[in-house]
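Let me put the structure up and we'll walk through a couple of spots together.

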Amino acid sequence: MAIHAGTAGSVVLVINGTAAVAGIEDWTLRTTRERFTTKPFGSTVVQRKVGVMDFTGSFKGNADLADTTGQLKLKNAYVGGSVVELRLYELAASYWAGSAYLTDMQQAAPMGGMATAEFTFEGDGSTWTYT
């Protein structure tokens, strides 16, 4: 089994080209599927079916006010309620890609530490792909 460290990961914003979002240290993507069960009269086993997929996730790291092609565009998309195109890289050529709405944004500037930025998203209904 091949294993790898998350050090090659990144979050890329796709708006008029691609730009890695500066300062990001980790991301999480959660995929779920609706599940249905049926028990028709006369059956002896439960039948299961899967429905549509849903995508949610988050990414966070150090706040970077100079990142005008990444963090600033994410903040503006959040405030404006715009869809963003994201790529969540595991390795240099392996990533999840899809459209999402930013549903939560958290900024922190503790006196005794680094300023941080965190974004939470939900898929916009389009299919996410893995490359």
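**Rings and a lysine**

Let's start with Trp-96, which is partly exposed at a relative accessible area of 23%; buried would be under 20%, exposed over 50%, and partly exposed is in between, with a 1.4 Å probe and protein chains only. Quick background: this is a predicted model, where local features need pLDDT of at least 70, side-chain atom pairs count only at pLDDT 80 or more, and totals for chains, interfaces and linings use all residues. Residues are numbered from 1 along each chain as its sequence is written, and side-chain values use heavy atoms, leaving out hydrogens and water.

So what does Trp-96 pair with? Its partner is Tyr-130, with ring centres 5.1 Å apart and planes at 55°, so the pair is tilted. For the rule, rings of Phe, Tyr and Trp (its six-membered ring) pair if their centres lie within 6.5 Å; planes under 30 degrees apart are stacked, over 60 edge-to-face, the rest tilted. Tyr-130 is partly exposed too, at 43%.

That rule gives seven aromatic pairs. One of them is Phe-55 with Trp-128, stacked at 5.6 Å centre to centre and 20° between the planes. Both of those residues are buried. Ring pairs link Phe-55, Phe-59, Trp-96, Phe-119, Phe-121, Trp-128 and Tyr-130 into a cluster.

Now, the lysine. Lys-75 touches Leu-65, Met-105, Gln-107 and Phe-119, leaving aside residues up to four places away in sequence; contact here means heavy atoms within 4.5 Å.
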